[in-house]
Amino acid sequence: AAEYAVGAAREPEPKTLAGQVDAIIRARYDRPLTLEELARAAGVSRSTLTHRYRAETGTTPFARLHEHRLDVARGMLLKGERAKEIAAHTGFYDEYHFAKAFKRRFGLSPRRYARQSPVEPR
């Protein structure tokens with residue numbers, strides 16, 4: 001596993017609940033994730049998670065998860081990945097759900113966004 005890699009840098013343990021939850025989101029964004037799973041992983045109840053996370057960040061854990069998935073998806077688009085593969089990799093239900101969420105956030109369809117942006121080499 002990565003924690004056993006020679007010379008691997010370990011991130012410091014987050015000091016806030018929001019930091020813990022954000023670390024969990026970064027590690028698990030690519031698969032279905034429930035509020036219950038997030039709360040269990042952070043060691044708090046669902047209610048505590050939602051209230052404290054919102055107090056610390058001004059948003060919800062799921063809004064942050066959605067935002068992170070779209071940020072990863074945008075990077076994949078810029079590297080020339082196809083929407084179907086991006087949707088599967090970033091935890092979206094399907095390509096349609098991904099495209100709709102992407103357009104809502106960035107104002108362009110994934111295809112149009114990719115066409116208007118320079119493609120990074122793989």
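Which residue just after α3 takes a positive phi? The residue is G58, with a phi of about 85°. The model is predicted, and local features need pLDDT of at least 70, side-chain atom pairs count only at pLDDT 80 or more, and totals for chains, interfaces and linings use all residues. Residues are numbered from 1 along each chain as its sequence is written, and side-chain values use heavy atoms, with hydrogens and water left out.

View 1. Helix α3 comprises twelve residues, 46–57. From its first C-alpha to its last, α3 reaches 16 Å, close to the 16 Å expected at 1.5 Å a residue; the expected span is 1.5 Å times one less than the number of residues. Helices are DSSP runs (H or I, at least four residues), numbered from the N terminus.

**View 2. R69 in helix α4.** R69 belongs to helix α4, residues 61–78. The R69 side chain reaches the backbone oxygen of T90 at 3.0 Å. Not counting residues up to four places away in sequence, R69 touches Y29, R31, P32, L33, T90, G91 and F92, where contact means heavy atoms within 4.5 Å.

**View 3. F102 in helix α6.** F102 lies in helix α6, residues 95–106, and is buried, with a relative accessible area of 0%. Its contacts, not counting residues up to four places away in sequence, are L70, R74, L77, G107, L108, S109, P110 and Y113. The C-alpha atoms of F102 and D71 are separated by 9.4 Å, with the two residues 31 apart along the chain.

Terms used: Helices (H or I, at least four residues) and strands (E, at least two) are DSSP runs, numbered from the N terminus. A polar contact is a pair of N or O atoms within 3.5 Å; within protein, one must be able to donate a hydrogen and the other to accept it, and residues adjacent in sequence count only if both atoms are side-chain atoms. Buried means under 20% relative accessible area, exposed over 50%, partly exposed in between (1.4 Å probe, protein chains only).
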